Number of protein chains: 2
Amino acid sequence: MTLAGPNKEQLSTAEEVAEEQIVDRIFEAVIEQRLPAGTKLSESALCQAFGVGRMRIRRSLLLLASREVVELHSNRGAFVARPTAEQAREVFEARLAIEPNVARMAANRATGEDIAALARHLELESQAHANGNRRDAIRLSGQFHTMLAEVAGNSVMLRMIKELVTRTSLIIGIYGAPGVTNCRDDDHADLIDALRKSDAEQASNIMEAHLRHIEERVDLKASPGTGVDLISVFCGTGKRGS
Amino acid sequence: MTLAGPNKEQLSTAEEVAEEQIVDRIFEAVIEQRLPAGTKLSESALCQAFGVGRMRIRRSLLLLASREVVELHSNRGAFVARPTAEQAREVFEARLAIEPNVARMAANRATGEDIAALARHLELESQAHANGNRRDAIRLSGQFHTMLAEVAGNSVMLRMIKELVTRTSLIIGIYGAPGVTNCRDDDHADLIDALRKSDAEQASNIMEAHLRHIEERVDLKASPGTGVDLISVFCGTGKRGS
DNA sequence: TTCAGCATGTTTGTTAACAATCGTGTCAAC
DNA sequence: GTTGACACGATTGTTAACAAACATGCTGAA
(Lines give C-alpha, C1' and ligand atoms only; values in the text may rest on other atoms or scores of the structure.)
Protein backbone atom coordinates (compact mmCIF):
# COMPACT_ATOMS: atom_id res chain seq x y z
CA MET A 1 0.00 0.00 0.00
CA THR A 2 1.22 3.42 -0.81
CA LEU A 3 0.33 4.91 2.52
CA ALA A 4 2.86 5.62 5.18
CA GLY A 5 5.33 4.15 2.81
CA PRO A 6 9.09 4.19 3.18
CA ASN A 7 9.26 7.87 2.42
CA LYS A 8 12.54 8.52 4.09
CA GLU A 9 14.42 11.29 2.50
CA GLN A 10 18.15 11.38 2.11
CA LEU A 11 18.50 13.25 5.35
CA SER A 12 17.59 10.35 7.57
CA THR A 13 19.69 9.39 10.48
CA ALA A 14 18.15 7.48 13.30
CA GLU A 15 18.05 10.74 15.23
CA GLU A 16 16.61 12.64 12.33
CA VAL A 17 13.65 10.33 12.42
CA ALA A 18 13.02 11.42 15.96
CA GLU A 19 13.17 14.99 14.75
CA GLU A 20 10.66 14.53 12.00
CA GLN A 21 8.51 12.62 14.43
CA ILE A 22 8.36 15.55 16.81
CA VAL A 23 7.19 17.77 14.00
CA ASP A 24 4.62 15.22 12.94
CA ARG A 25 3.35 14.72 16.46
CA ILE A 26 2.84 18.46 16.87
CA PHE A 27 1.18 18.67 13.48
CA GLU A 28 -1.20 15.95 14.56
CA ALA A 29 -1.93 17.59 17.88
CA VAL A 30 -2.74 20.83 16.10
CA ILE A 31 -4.99 19.04 13.62
CA GLU A 32 -6.85 17.37 16.45
CA GLN A 33 -7.20 20.77 18.06
CA ARG A 34 -5.56 19.53 21.20
CA LEU A 35 -3.19 22.44 20.77
CA PRO A 36 -5.42 25.46 20.17
CA ALA A 37 -4.12 28.53 18.40
CA GLY A 38 -2.03 30.72 20.65
CA THR A 39 -0.92 27.94 22.97
CA LYS A 40 2.53 28.57 24.28
CA LEU A 41 5.02 25.87 23.39
CA SER A 42 7.65 26.13 26.07
CA GLU A 43 10.96 24.59 25.23
CA SER A 44 11.49 22.92 28.56
CA ALA A 45 7.99 21.46 28.52
CA LEU A 46 8.57 20.00 25.08
CA CYS A 47 11.95 18.65 26.11
CA GLN A 48 10.26 16.82 28.93
CA ALA A 49 7.36 15.67 26.80
CA PHE A 50 9.51 14.17 24.05
CA GLY A 51 12.49 13.26 26.16
CA VAL A 52 15.01 14.96 23.92
CA GLY A 53 17.49 17.77 24.28
CA ARG A 54 16.74 21.40 23.84
CA MET A 55 18.53 21.63 20.52
CA ARG A 56 16.26 19.07 18.96
CA ILE A 57 13.20 20.92 20.19
CA ARG A 58 14.56 24.19 18.93
CA ARG A 59 15.12 22.78 15.47
CA SER A 60 11.65 21.26 15.44
CA LEU A 61 10.10 24.57 16.36
CA LEU A 62 12.01 26.28 13.59
CA LEU A 63 10.73 23.69 11.15
CA LEU A 64 7.20 24.20 12.38
CA ALA A 65 7.58 27.95 12.06
CA SER A 66 8.76 27.57 8.48
CA ARG A 67 5.45 25.86 7.77
CA GLU A 68 3.62 28.65 9.58
CA VAL A 69 2.12 26.30 12.09
CA VAL A 70 3.86 28.00 14.99
CA GLU A 71 4.97 31.58 15.46
CA LEU A 72 8.32 32.45 16.94
CA HIS A 73 8.40 35.61 19.00
CA SER A 74 11.79 36.95 19.90
CA ASN A 75 12.71 36.36 23.49
CA ARG A 76 9.19 35.22 24.23
CA GLY A 77 9.09 31.76 22.79
CA ALA A 78 7.03 29.68 20.40
CA PHE A 79 3.26 29.72 20.12
CA VAL A 80 0.81 27.77 18.05
CA ALA A 81 0.07 30.02 15.10
CA ARG A 82 -2.97 32.25 15.15
CA PRO A 83 -3.86 32.77 11.49
CA THR A 84 -5.27 36.16 10.65
CA ALA A 85 -8.37 36.48 8.51
CA GLU A 86 -6.16 37.38 5.57
CA GLN A 87 -4.00 34.34 6.10
CA ALA A 88 -7.10 32.19 6.34
CA ARG A 89 -8.30 33.54 3.03
CA GLU A 90 -4.95 32.68 1.50
CA VAL A 91 -5.02 29.16 2.86
CA PHE A 92 -8.45 28.48 1.41
CA GLU A 93 -7.51 30.05 -1.87
CA ALA A 94 -4.38 27.92 -2.06
CA ARG A 95 -6.32 24.78 -1.29
CA LEU A 96 -8.85 25.63 -3.98
CA ALA A 97 -6.03 26.13 -6.43
CA ILE A 98 -4.19 22.95 -5.56
CA GLU A 99 -6.43 20.23 -4.23
CA PRO A 100 -8.76 19.87 -7.20
CA ASN A 101 -5.66 19.03 -9.18
CA VAL A 102 -4.60 16.60 -6.51
CA ALA A 103 -7.96 14.90 -6.81
CA ARG A 104 -7.54 14.81 -10.56
CA MET A 105 -4.12 13.22 -10.25
CA ALA A 106 -5.37 10.76 -7.69
CA ALA A 107 -8.21 9.72 -9.97
CA ASN A 108 -5.73 9.03 -12.74
CA ARG A 109 -3.33 7.06 -10.59
CA ALA A 110 -5.34 5.34 -7.91
CA THR A 111 -4.92 1.58 -7.82
CA GLY A 112 -7.50 -0.77 -6.43
CA GLU A 113 -5.40 -1.03 -3.35
CA ASP A 114 -5.38 2.74 -2.90
CA ILE A 115 -9.13 2.94 -3.23
CA ALA A 116 -9.63 0.13 -0.76
CA ALA A 117 -7.41 1.91 1.74
CA LEU A 118 -9.33 5.13 1.29
CA ALA A 119 -12.60 3.28 1.75
CA ARG A 120 -11.34 1.70 4.96
CA HIS A 121 -10.28 5.12 6.15
CA LEU A 122 -13.67 6.57 5.33
CA GLU A 123 -15.27 3.80 7.35
CA LEU A 124 -13.20 4.78 10.40
CA GLU A 125 -14.15 8.37 9.80
CA SER A 126 -17.85 7.57 9.73
CA GLN A 127 -17.56 5.52 12.88
CA ALA A 128 -15.81 8.32 14.72
CA HIS A 129 -18.54 10.67 13.56
CA ALA A 130 -21.30 8.32 14.65
CA ASN A 131 -19.71 7.79 18.03
CA GLY A 132 -19.38 11.49 18.56
CA ASN A 133 -15.65 11.08 18.85
CA ARG A 134 -14.90 14.57 17.73
CA ARG A 135 -11.14 14.42 18.08
CA ASP A 136 -10.77 11.30 15.98
CA ALA A 137 -13.25 12.58 13.45
CA ILE A 138 -11.27 15.74 12.92
CA ARG A 139 -7.99 13.94 12.61
CA LEU A 140 -9.33 11.33 10.25
CA SER A 141 -11.07 13.80 7.98
CA GLY A 142 -7.84 15.75 7.71
CA GLN A 143 -5.87 12.61 7.06
CA PHE A 144 -8.21 11.76 4.22
CA HIS A 145 -6.90 14.74 2.30
CA THR A 146 -3.29 13.82 2.92
CA MET A 147 -4.00 10.24 1.90
CA LEU A 148 -5.42 11.52 -1.34
CA ALA A 149 -2.24 13.47 -1.91
CA GLU A 150 -0.23 10.32 -1.31
CA VAL A 151 -2.31 8.48 -3.86
CA ALA A 152 -1.70 11.34 -6.26
CA GLY A 153 1.95 10.37 -6.03
CA ASN A 154 3.61 13.73 -5.68
CA SER A 155 5.60 14.33 -2.51
CA VAL A 156 5.94 18.05 -3.14
CA MET A 157 2.21 18.51 -3.19
CA LEU A 158 1.80 16.10 -0.30
CA ARG A 159 3.94 18.35 1.84
CA MET A 160 1.90 21.37 0.83
CA ILE A 161 -1.36 19.64 1.61
CA LYS A 162 -0.14 18.59 5.04
CA GLU A 163 0.67 22.18 5.85
CA LEU A 164 -2.59 23.52 4.48
CA VAL A 165 -4.74 20.93 6.24
CA THR A 166 -3.07 21.67 9.54
CA ARG A 167 -3.52 25.38 9.16
CA THR A 168 -7.13 24.83 8.16
CA SER A 169 -7.66 23.10 11.46
CA LEU A 170 -6.31 26.15 13.23
CA ILE A 171 -8.56 28.41 11.19
CA ILE A 172 -11.63 26.37 12.01
CA GLY A 173 -10.63 26.42 15.64
CA ILE A 174 -10.50 30.19 15.60
CA TYR A 175 -13.23 31.25 13.20
CA GLY A 176 -15.46 28.21 13.08
CA ALA A 177 -18.60 27.71 15.09
CA PRO A 178 -17.95 25.35 17.99
CA GLY A 179 -18.56 21.73 17.14
CA VAL A 180 -17.91 22.15 13.45
CA THR A 181 -15.62 19.53 12.03
CA ASN A 182 -13.33 19.93 9.08
CA CYS A 183 -15.18 17.91 6.49
CA ARG A 184 -18.35 16.07 5.83
CA ASP A 185 -17.75 12.43 5.04
CA ASP A 186 -20.42 12.51 2.34
CA ASP A 187 -18.12 14.48 0.11
CA HIS A 188 -15.33 12.09 0.86
CA ALA A 189 -17.52 9.17 -0.16
CA ASP A 190 -18.38 10.88 -3.43
CA LEU A 191 -14.72 11.48 -4.02
CA ILE A 192 -13.94 7.81 -3.63
CA ASP A 193 -16.70 7.01 -6.10
CA ALA A 194 -15.11 9.33 -8.64
CA LEU A 195 -11.78 7.62 -8.06
CA ARG A 196 -13.39 4.24 -8.63
CA LYS A 197 -14.63 5.45 -11.99
CA SER A 198 -11.28 7.08 -12.72
CA ASP A 199 -13.27 10.21 -13.46
CA ALA A 200 -10.67 12.89 -12.93
CA GLU A 201 -12.92 15.76 -13.88
CA GLN A 202 -15.61 14.74 -11.47
CA ALA A 203 -13.09 14.22 -8.70
CA SER A 204 -11.81 17.72 -9.27
CA ASN A 205 -15.29 19.18 -9.19
CA ILE A 206 -16.23 17.35 -6.03
CA MET A 207 -13.07 18.50 -4.33
CA GLU A 208 -13.72 22.09 -5.33
CA ALA A 209 -17.25 22.00 -4.01
CA HIS A 210 -16.04 20.26 -0.89
CA LEU A 211 -13.49 22.97 -0.16
CA ARG A 212 -15.98 25.75 -0.79
CA HIS A 213 -18.27 24.00 1.60
CA ILE A 214 -15.64 24.02 4.30
CA GLU A 215 -14.88 27.64 3.63
CA GLU A 216 -18.51 28.55 4.08
CA ARG A 217 -18.48 27.12 7.56
CA VAL A 218 -16.09 29.66 8.90
CA ASP A 219 -16.81 33.31 9.47
CA LEU A 220 -13.64 35.26 8.96
CA LYS A 221 -15.34 38.43 10.08
CA ALA A 222 -15.90 36.93 13.48
CA SER A 223 -13.56 38.15 16.13
CA PRO A 224 -10.83 35.65 16.82
CA GLY A 225 -12.49 33.33 19.27
CA THR A 226 -9.77 32.26 21.63
CA GLY A 227 -8.53 34.96 23.90
CA VAL A 228 -6.48 37.49 22.05
CA ASP A 229 -3.01 37.92 23.37
CA LEU A 230 -3.26 41.51 24.47
CA ILE A 231 0.44 41.58 25.01
CA SER A 232 1.43 41.56 21.40
CA VAL A 233 -1.51 43.77 20.55
CA PHE A 234 -0.64 46.60 22.88
CA CYS A 235 3.03 46.33 23.62
CA GLY A 236 4.14 45.33 20.17
CA THR A 237 6.87 43.08 21.53
CA GLY A 238 8.36 46.45 22.29
CA LYS A 239 12.01 46.41 22.78
CA ARG A 240 12.21 48.90 25.55
CA GLY A 241 14.85 51.49 24.85
CA SER A 242 17.85 50.73 26.98
CA MET B 1 8.74 58.36 24.05
CA THR B 2 8.71 54.61 24.08
CA LEU B 3 4.95 54.67 24.06
CA ALA B 4 4.21 54.22 20.36
CA GLY B 5 7.53 53.09 19.08
CA PRO B 6 8.01 52.02 15.51
CA ASN B 7 7.33 48.34 15.85
CA LYS B 8 7.45 47.09 12.32
CA GLU B 9 8.76 43.73 13.31
CA GLN B 10 6.22 41.52 14.95
CA LEU B 11 7.93 38.24 15.26
CA SER B 12 11.47 39.07 14.59
CA THR B 13 14.22 41.31 15.75
CA ALA B 14 16.88 42.73 13.53
CA GLU B 15 18.74 39.47 13.86
CA GLU B 16 15.99 37.42 12.33
CA VAL B 17 16.15 39.54 9.23
CA ALA B 18 19.74 38.51 8.80
CA GLU B 19 18.62 34.91 9.03
CA GLU B 20 16.01 35.17 6.33
CA GLN B 21 18.50 37.08 4.25
CA ILE B 22 20.97 34.23 4.35
CA VAL B 23 18.32 31.87 3.07
CA ASP B 24 17.32 34.29 0.34
CA ARG B 25 20.90 34.86 -0.72
CA ILE B 26 21.49 31.14 -1.06
CA PHE B 27 18.22 30.73 -2.92
CA GLU B 28 19.35 33.40 -5.33
CA ALA B 29 22.77 31.87 -5.81
CA VAL B 30 21.15 28.53 -6.60
CA ILE B 31 18.77 30.13 -9.07
CA GLU B 32 21.65 31.84 -10.82
CA GLN B 33 23.43 28.49 -10.92
CA ARG B 34 26.38 29.95 -9.13
CA LEU B 35 25.90 27.09 -6.68
CA PRO B 36 25.57 23.96 -8.82
CA ALA B 37 23.84 20.89 -7.53
CA GLY B 38 26.01 18.88 -5.22
CA THR B 39 28.15 21.78 -4.07
CA LYS B 40 29.24 21.31 -0.50
CA LEU B 41 28.09 24.05 1.83
CA SER B 42 30.60 23.96 4.62
CA GLU B 43 29.51 25.58 7.83
CA SER B 44 32.75 27.37 8.52
CA ALA B 45 32.90 28.75 4.99
CA LEU B 46 29.37 30.09 5.28
CA CYS B 47 30.13 31.57 8.68
CA GLN B 48 32.98 33.45 7.12
CA ALA B 49 31.02 34.43 4.03
CA PHE B 50 28.11 35.91 5.93
CA GLY B 51 29.98 36.97 9.03
CA VAL B 52 27.61 35.27 11.45
CA GLY B 53 27.91 32.56 14.06
CA ARG B 54 27.63 28.88 13.38
CA MET B 55 24.22 28.61 14.96
CA ARG B 56 22.72 31.04 12.51
CA ILE B 57 24.21 29.15 9.60
CA ARG B 58 22.97 25.88 10.98
CA ARG B 59 19.43 27.20 11.25
CA SER B 60 19.60 28.59 7.75
CA LEU B 61 20.72 25.26 6.38
CA LEU B 62 17.90 23.51 8.16
CA LEU B 63 15.44 25.96 6.64
CA LEU B 64 16.92 25.37 3.21
CA ALA B 65 16.71 21.63 3.72
CA SER B 66 13.05 21.90 4.66
CA ARG B 67 12.50 23.47 1.24
CA GLU B 68 14.54 20.70 -0.35
CA VAL B 69 17.04 23.09 -1.80
CA VAL B 70 19.88 21.58 0.19
CA GLU B 71 20.39 18.07 1.45
CA LEU B 72 21.65 17.35 4.92
CA HIS B 73 23.81 14.27 5.26
CA SER B 74 24.50 13.08 8.74
CA ASN B 75 28.02 13.85 9.87
CA ARG B 76 28.95 14.85 6.37
CA GLY B 77 27.43 18.28 6.04
CA ALA B 78 25.11 20.21 3.76
CA PHE B 79 25.10 20.03 -0.01
CA VAL B 80 23.13 21.82 -2.66
CA ALA B 81 20.32 19.43 -3.51
CA ARG B 82 20.68 17.09 -6.42
CA PRO B 83 17.12 16.37 -7.52
CA THR B 84 16.50 12.90 -8.84
CA ALA B 85 14.59 12.36 -12.03
CA GLU B 86 11.56 11.42 -9.98
CA GLN B 87 11.82 14.59 -7.91
CA ALA B 88 12.19 16.60 -11.09
CA ARG B 89 9.02 15.06 -12.43
CA GLU B 90 7.23 15.99 -9.24
CA VAL B 91 8.45 19.56 -9.37
CA PHE B 92 7.21 20.04 -12.92
CA GLU B 93 3.95 18.37 -12.12
CA ALA B 94 3.46 20.61 -9.11
CA ARG B 95 4.24 23.70 -11.12
CA LEU B 96 1.76 22.63 -13.79
CA ALA B 97 -0.86 22.13 -11.12
CA ILE B 98 -0.26 25.42 -9.35
CA GLU B 99 1.11 28.10 -11.60
CA PRO B 100 -1.70 28.24 -14.17
CA ASN B 101 -3.91 29.12 -11.24
CA VAL B 102 -1.42 31.71 -10.09
CA ALA B 103 -1.58 33.24 -13.55
CA ARG B 104 -5.35 33.19 -13.37
CA MET B 105 -5.33 34.92 -10.03
CA ALA B 106 -2.79 37.45 -11.21
CA ALA B 107 -4.93 38.27 -14.24
CA ASN B 108 -7.88 38.93 -11.99
CA ARG B 109 -5.98 41.11 -9.55
CA ALA B 110 -3.23 42.86 -11.46
CA THR B 111 -3.35 46.62 -11.23
CA GLY B 112 -1.87 48.94 -13.82
CA GLU B 113 1.06 49.41 -11.54
CA ASP B 114 1.62 45.67 -11.31
CA ILE B 115 1.58 45.28 -15.07
CA ALA B 116 3.96 48.17 -15.52
CA ALA B 117 6.37 46.59 -13.04
CA LEU B 118 6.18 43.28 -14.85
CA ALA B 119 6.80 45.00 -18.17
CA ARG B 120 9.83 46.78 -16.76
CA HIS B 121 11.09 43.47 -15.46
CA LEU B 122 10.57 41.83 -18.83
CA GLU B 123 12.58 44.62 -20.42
CA LEU B 124 15.51 43.88 -18.13
CA GLU B 125 15.12 40.22 -18.95
CA SER B 126 15.27 40.84 -22.69
CA GLN B 127 18.31 43.04 -22.28
CA ALA B 128 20.13 40.41 -20.29
CA HIS B 129 19.26 37.91 -22.98
CA ALA B 130 20.44 40.18 -25.76
CA ASN B 131 23.68 40.93 -23.97
CA GLY B 132 24.33 37.26 -23.43
CA ASN B 133 24.36 37.84 -19.73
CA ARG B 134 23.33 34.35 -18.87
CA ARG B 135 23.43 34.67 -15.11
CA ASP B 136 21.18 37.72 -15.01
CA ALA B 137 18.89 36.21 -17.60
CA ILE B 138 18.35 33.13 -15.52
CA ARG B 139 17.76 35.05 -12.34
CA LEU B 140 15.37 37.51 -13.95
CA SER B 141 13.34 34.87 -15.73
CA GLY B 142 12.92 33.04 -12.45
CA GLN B 143 12.01 36.23 -10.65
CA PHE B 144 9.31 36.86 -13.22
CA HIS B 145 7.43 33.87 -11.91
CA THR B 146 7.77 34.95 -8.30
CA MET B 147 6.65 38.46 -9.23
CA LEU B 148 3.59 36.96 -10.83
CA ALA B 149 2.88 35.13 -7.60
CA GLU B 150 3.21 38.38 -5.70
CA VAL B 151 0.72 40.01 -8.03
CA ALA B 152 -1.58 37.09 -7.43
CA GLY B 153 -1.65 38.20 -3.82
CA ASN B 154 -1.25 34.95 -1.98
CA SER B 155 1.78 34.59 0.23
CA VAL B 156 1.30 30.86 0.69
CA MET B 157 1.51 30.24 -3.00
CA LEU B 158 4.31 32.75 -3.34
CA ARG B 159 6.40 30.69 -0.98
CA MET B 160 5.66 27.53 -2.93
CA ILE B 161 6.59 29.16 -6.22
CA LYS B 162 9.87 30.40 -4.83
CA GLU B 163 10.77 26.90 -3.82
CA LEU B 164 9.68 25.37 -7.10
CA VAL B 165 11.46 27.95 -9.24
CA THR B 166 14.67 27.42 -7.33
CA ARG B 167 14.45 23.67 -7.64
CA THR B 168 13.69 24.03 -11.34
CA SER B 169 16.95 25.89 -11.73
CA LEU B 170 18.74 22.96 -10.13
CA ILE B 171 16.95 20.53 -12.41
CA ILE B 172 17.89 22.47 -15.51
CA GLY B 173 21.45 22.62 -14.27
CA ILE B 174 21.54 18.86 -14.00
CA TYR B 175 19.38 17.58 -16.82
CA GLY B 176 19.28 20.53 -19.19
CA ALA B 177 21.48 20.97 -22.20
CA PRO B 178 24.22 23.46 -21.47
CA GLY B 179 23.28 27.03 -22.25
CA VAL B 180 19.57 26.47 -21.84
CA THR B 181 17.92 29.13 -19.76
CA ASN B 182 14.85 28.69 -17.64
CA CYS B 183 12.29 30.51 -19.75
CA ARG B 184 11.76 32.17 -23.05
CA ASP B 185 10.80 35.81 -22.66
CA ASP B 186 8.29 35.50 -25.50
CA ASP B 187 6.00 33.52 -23.25
CA HIS B 188 6.44 36.07 -20.52
CA ALA B 189 5.47 38.84 -22.90
CA ASP B 190 2.33 36.96 -23.92
CA LEU B 191 1.53 36.48 -20.25
CA ILE B 192 1.72 40.20 -19.63
CA ASP B 193 -0.60 40.78 -22.57
CA ALA B 194 -3.13 38.41 -21.07
CA LEU B 195 -2.87 40.29 -17.79
CA ARG B 196 -3.47 43.56 -19.58
CA LYS B 197 -6.68 42.16 -20.98
CA SER B 198 -7.57 40.65 -17.62
CA ASP B 199 -8.05 37.41 -19.50
CA ALA B 200 -7.58 34.87 -16.74
CA GLU B 201 -8.26 31.87 -18.91
CA GLN B 202 -5.72 32.87 -21.50
CA ALA B 203 -3.14 33.63 -18.84
CA SER B 204 -3.68 30.17 -17.43
CA ASN B 205 -3.29 28.56 -20.84
CA ILE B 206 -0.15 30.49 -21.65
CA MET B 207 1.37 29.54 -18.34
CA GLU B 208 0.58 25.89 -18.88
CA ALA B 209 2.13 25.89 -22.33
CA HIS B 210 5.08 27.81 -20.99
CA LEU B 211 5.75 25.26 -18.29
CA ARG B 212 5.39 22.36 -20.68
CA HIS B 213 7.86 24.09 -22.91
CA ILE B 214 10.37 24.31 -20.09
CA GLU B 215 9.81 20.69 -19.24
CA GLU B 216 10.52 19.65 -22.79
CA ARG B 217 13.93 21.24 -22.60
CA VAL B 218 15.20 18.85 -20.01
CA ASP B 219 15.97 15.22 -20.54
CA LEU B 220 15.31 13.37 -17.33
CA LYS B 221 16.62 10.18 -18.81
CA ALA B 222 20.00 11.78 -19.26
CA SER B 223 22.52 10.74 -16.69
CA PRO B 224 22.92 13.39 -14.05
CA GLY B 225 25.45 15.66 -15.67
CA THR B 226 27.70 16.58 -12.80
CA GLY B 227 29.63 13.67 -11.40
CA VAL B 228 27.45 11.12 -9.74
CA ASP B 229 28.04 10.77 -6.06
CA LEU B 230 28.78 7.11 -5.65
CA ILE B 231 28.75 7.55 -1.94
CA SER B 232 25.03 8.06 -1.61
CA VAL B 233 24.45 5.39 -4.23
CA PHE B 234 26.28 2.65 -2.41
CA CYS B 235 26.38 3.64 1.21
CA GLY B 236 22.68 3.49 1.87
CA THR B 237 21.82 7.16 2.17
CA GLY B 238 19.95 6.80 -1.07
CA LYS B 239 16.69 4.93 -0.81
CA ARG B 240 15.41 4.47 -4.33
CA GLY B 241 14.51 0.89 -3.57
CA SER B 242 10.85 0.03 -4.15
C1' DT C 1 -6.58 51.60 47.58
C1' DT C 2 -3.98 52.09 43.53
C1' DC C 3 -0.25 52.64 40.76
C1' DA C 4 4.60 53.17 39.82
C1' DG C 5 9.08 51.30 40.46
C1' DC C 6 12.03 47.62 41.57
C1' DA C 7 13.80 43.10 42.46
C1' DT C 8 13.61 38.38 41.43
C1' DG C 9 12.84 34.09 38.96
C1' DT C 10 12.10 31.92 34.73
C1' DT C 11 12.65 31.38 29.88
C1' DT C 12 14.98 32.20 25.79
C1' DG C 13 19.21 33.30 22.91
C1' DT C 14 24.10 32.77 22.29
C1' DT C 15 28.62 31.19 22.74
C1' DA C 16 32.16 27.99 23.52
C1' DA C 17 34.07 23.75 24.51
C1' DC C 18 33.77 18.80 23.92
C1' DA C 19 32.78 14.32 21.57
C1' DA C 20 32.03 11.65 17.55
C1' DT C 21 32.24 10.75 12.87
C1' DC C 22 34.13 10.93 8.36
C1' DG C 23 37.60 11.80 4.64
C1' DT C 24 42.37 11.49 3.53
C1' DG C 25 47.06 10.35 3.36
C1' DT C 26 50.61 7.21 4.65
C1' DC C 27 52.69 2.90 5.42
C1' DA C 28 53.19 -1.88 5.28
C1' DA C 29 52.15 -6.38 3.42
C1' DC C 30 51.11 -9.33 -0.32
C1' DG D 1 52.32 -2.26 -8.01
C1' DT D 2 48.20 -2.71 -5.75
C1' DT D 3 45.46 -3.21 -1.76
C1' DG D 4 44.30 -3.10 2.90
C1' DA D 5 44.72 -1.19 7.46
C1' DC D 6 45.79 2.55 10.40
C1' DA D 7 46.28 7.15 12.08
C1' DC D 8 45.69 11.91 11.61
C1' DG D 9 43.23 16.14 10.49
C1' DA D 10 39.03 18.35 9.67
C1' DT D 11 34.19 18.92 10.01
C1' DT D 12 29.95 18.09 12.09
C1' DG D 13 26.82 17.01 16.14
C1' DT D 14 25.91 17.62 21.00
C1' DT D 15 25.97 19.35 25.48
C1' DA D 16 26.49 22.63 29.01
C1' DA D 17 27.24 26.93 30.85
C1' DC D 18 26.54 31.81 30.37
C1' DA D 19 24.09 36.23 29.20
C1' DA D 20 20.04 38.76 28.17
C1' DA D 21 15.30 39.64 28.02
C1' DC D 22 10.75 39.08 29.66
C1' DA D 23 7.07 38.16 33.18
C1' DT D 24 5.80 38.29 37.90
C1' DG D 25 5.29 39.60 42.55
C1' DC D 26 6.52 42.78 46.09
C1' DT D 27 7.26 47.22 48.28
C1' DG D 28 6.34 51.91 49.04
C1' DA D 29 4.39 56.29 48.24
C1' DA D 30 0.53 59.19 46.76
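Predicted model: local features only at pLDDT ≥ 70, side-chain atom pairs only at ≥ 80, totals over all residues.
Reader: Okay, zooming out: how many helices and strands does chain A have?

Author: Chain A has 10 helices and 3 strands. Both are DSSP runs numbered from the N terminus, with at least four residues of H or I for a helix and at least two of E for a strand. Read from the N terminus, the order in chain A is α-β-α-α-β-β-α-α-α-α-α-α-α.

Reader: And what share of chain A is buried?

Author: Of its 242 residues, 41% count as buried. Buried means that 20 or more other C-beta atoms lie within 10 Å of the residue's own, exposed means 12 or fewer, and partly exposed is in between, with C-beta atoms placed from the backbone.

Reader: Let's look at the strands of chain A. What is their order in the sheet?

Author: They form an open sheet of 3 strands in the order 1-3-2, with antiparallel pairing. Strand 1 and strand 2 of chain A are the edge strands, each pairing on one side only. Two strands pair if DSSP finds at least two bridges between them.

Reader: How many bridges join strand 2 to strand 3 in chain A?

Author: Strand 2 (residues 70-73) and strand 3 (residues 77-80) of chain A are joined by 4 bridges. A:His73 sits opposite A:Gly77, and A:Leu72 faces A:Ala78. The hairpin has 3 residues between these strands, and A:Asn75 there takes a positive phi near 60°.

Reader: Which other residue of chain A has a positive phi although it is not a glycine?

Author: A:Gln33 is one, at about 60°. A:Gln33 sits in the loop between helix 1 (14-31) and strand 1 (40-41) of chain A. A:Glu68 is another, with phi near 60°, in the loop between helix 3 (54-66) and strand 2 of chain A. For context, most residues other than glycine have a negative phi.

Reader: Is A:Gln33 buried or partly exposed?

Author: Partly exposed, because 19 other C-beta atoms lie within 10 Å of A:Gln33. A:Glu68 is partly exposed too, with 19 other C-beta atoms within 10 Å.

Reader: Over to chain B. What is the strand order in its sheet?

Author: Chain B has an open sheet of 3 strands in the order 1-3-2, with antiparallel pairing. Strand 1 (40-41) and strand 2 (70-73) of chain B each have a single partner strand, so one side of each lacks a neighbour in the sheet. Strand 1 of chain B is joined to strand 3 (residues 77-80) by 2 bridges, and B:Lys40 stands opposite B:Phe79.

Reader: What about B:Val80: buried or exposed?

Author: B:Val80, in strand 3 of chain B, counts as buried because it has 20 C-beta neighbours inside 10 Å. Leaving out residues up to four places away in sequence, it touches B:Val30, B:Leu35, B:Pro36, B:Ala37, B:Gly38, B:Thr39, B:Leu41 and B:Val70. A contact means C-beta atoms, placed from the backbone, within 7 Å.

Reader: Last topic: which residues are buried in helix 9 of chain B?

Author: They are B:Ala203, B:Ser204, B:Ile206, B:Met207, B:His210, B:Leu211 and B:Ile214. These residues lie on the same side of helix 9 of chain B because they cover an arc of only 165° around the axis, the arc being that of the directions from the helix axis to the C-beta atoms. The face turned away from that buried side carries the exposed residues B:Glu201, B:Arg212 and B:Glu216.

Methods: Residues numbered from 1 in each chain as written. Chains lettered and ligands numbered in written order. Contact = placed C-beta atoms within 7 Å.
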